[in-house]
Amino acid sequence: MKKRLLIVGGGTAGWLTAMFVRKMFPEAEVTVIEDKNSKVIGVGESTVPAILDVFNFIDIPIEELIKNCGATIKNSIKFTNWNGDGDSYYHGFDVPGKSISLYNFSKASPYSFKDIDTDCDKSFLFLNQLHKGKNLNEVDFPSKLSMDYKIPLVFDQKKKINSNNKIEHFNQCCYYALHFNGQIVSKYLRSFSHERNISIVNGLVIDCDLDQNKNIKSVLLEDNRRIDCDFIFDCTGFSRFFIDKIYKSEFKSYKKYLPIKRAIPFYLDNKKRIPPYTEAISMKNGWMWKIPVEERFGCGYAFDSDYCTDEECYEEICKFLNFEPEFKSPISFEPGYYKKVWNNNVLSLGLSSGFIEPLEATSIWVTVMSLTMLTKYIAGIVDLNSNIINEYNIDFEKKTDSILNIVYFHYLNKRKDTPFWKEFREKNQHPESIVEILETFKYRTPFKSDKMFYDSFAIESWLIVAAGNKYFSNDVIENEFLTYNVRENIINNVNHHKENLRKVSGMCVEHDSFIKYMRG
Ligand SMILES: Cc1cc2nc3c(=O)[nH]c(=O)nc-3n(C[C@H](O)[C@H](O)[C@H](O)COP(=O)(O)OP(=O)(O)OC[C@H]3O[C@@H](n4cnc5c(N)ncnc54)[C@H](O)[C@@H]3O)c2cc1C
């Protein structure tokens, strides 16, 4: 396809997009317009495993990201104090093939009715932990790894002999993702522009020319240069130049559901071991993220500014850390996504398409999802097929709505000690698409075959958050525990399962050693 593809905005979304479309359309002209004087967001970014598929697709090895960008490995997110009781739970990534998952129940397995091929796809292990009043830390593999400061890779001497690619010296037993700083990664990706035949134009887009079909033919830069194009990727971050200013696309605000609207980033030094997880610590008026990048943590307080000022947040953080960090400029945002992220010959990606809030690290994931969706809806770019563009927009909206659901679900916890937490349920509506889930949870725990979760977060995620938040009533748990005869069905097997987790974790490499090995 010999088209002129223009990427406007040189942040993480812009550079990931440039590399992705370069690979997807080897014959196209690919140009990035970036404004040298403006900043890129880089607050310490926590990602999801799908980012590795994209780095793989664009031929950027993980080893290089660890060496050159200070990236670290992420198994999970540790949620600390979300019930106000000081307790914490881990929300980790899936296990391929579900070999050690919560749903490990074939005929021979401990988590099913003994010796019967059954349709009951309920996790007895999950019910057993809930019945004991526990979260799933003890029985979940990524949680176990995270607590042990391990990552799901097992060194294999034979593989070392056969490959120069260091990541291939390991066998992988669970999905994982990366932590990095977006500013550093976008700079690193930019360094490949010459070798990948991606042109860079320095400038700020201030206007554009539309044809009679409302497709953009060219953009005008601040210094009066005009650049012709066939297709634009709007990666202009929160300034949302094309989607908002040119197309005035409808914004689907999530503010009636989610009240977090301001965040203040800061850094903390880390002289200790590097945790293989992001930490999300519940605070008086929101929560604090703590992401291990390079030799420090990228941190920030995400909060509801209706309840407190920046100064009050600062005081709370200083008291909590017993230390006075240097706060960076605050960032305000309205949670939500645009209903139509693809308008004519312009597709918005990254923060220009929307942003929910940092919880569960879904923003770069949505960018990655948007890019991979392109491979399916490619006709939207090749011949601007409006039916395909429409389908893309509908698919995108369903995905972002389903992400909203699980982010919202984290706030349905037991914390009640401040007005923010006490009033959360009264002040904020349920998202429409979570209602069925919450109605069901009133009388039963989920089945794996439930269709109401859509596809963004697996059922395991809902189980882990529900267990962490102590969401289910004692009656529901007690009933199911008895109905499914859980005690009998898993007898003697929980210890066996835990022993298995211990063994596998014992074989996995320590996060610190792995980072040293990759950098060395
Ligand atoms: C508080 C906070 C915490 C976050 N935490 C996470 C996390 O843990 N995990 C995660 O996945 N994501 C997180 N994100 C989101 C993540 O940072 C972004 O998804 C990612 O950095 C991509 O940003 P971007 O490239 O869309 O925007 P930006 O980094 O803002 O880049 C946009 C660029 O476009 C330029 N631009 C704008 N208008 C024009 C114009 N007219 N002409 C030319 N250039 C223009 C801007 O100057 C800027 O350089 C967080 C975001 C925030 C705000």
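Predicted model: local features only at pLDDT ≥ 70, side-chain atom pairs only at ≥ 80, totals over all residues.

A: Domain bounds come from an automatic or database domain assignment. Seven residues of domain 1 and 13 residues of domain 3 make the contact, where two residues touch if their C-beta atoms, placed from the backbone, lie within 7 Å. On the domain 1 side, four are nonpolar, two polar and one charged. Here Ala, Val, Leu, Ile, Met, Phe, Trp, Tyr, Cys and Pro count as nonpolar, Asp, Glu, Lys and Arg as charged, and the others, Gly among them, as polar.

Residues are numbered from 1 along each chain as its sequence is written.

Now the ligand. Its shell holds 37 residues, the closest being Gly9, Gly11, Ser38, Gly237 and Gly350. A residue is near if its C-beta atom, placed from the backbone, lies within 6 Å of the molecule. Domain 1 and domain 3 each give at least three residues to this shell. By class, the shell has 17 nonpolar, 17 polar and three charged residues. Helix H1 (12–24), strand E2 (29–34), strand E3 (45–46) and helix H10 (363–376) supply at least two residues each. H10 gives the most, with four. Helices (H or I, at least four residues) and strands (E, at least two) are DSSP runs, numbered from the N terminus.
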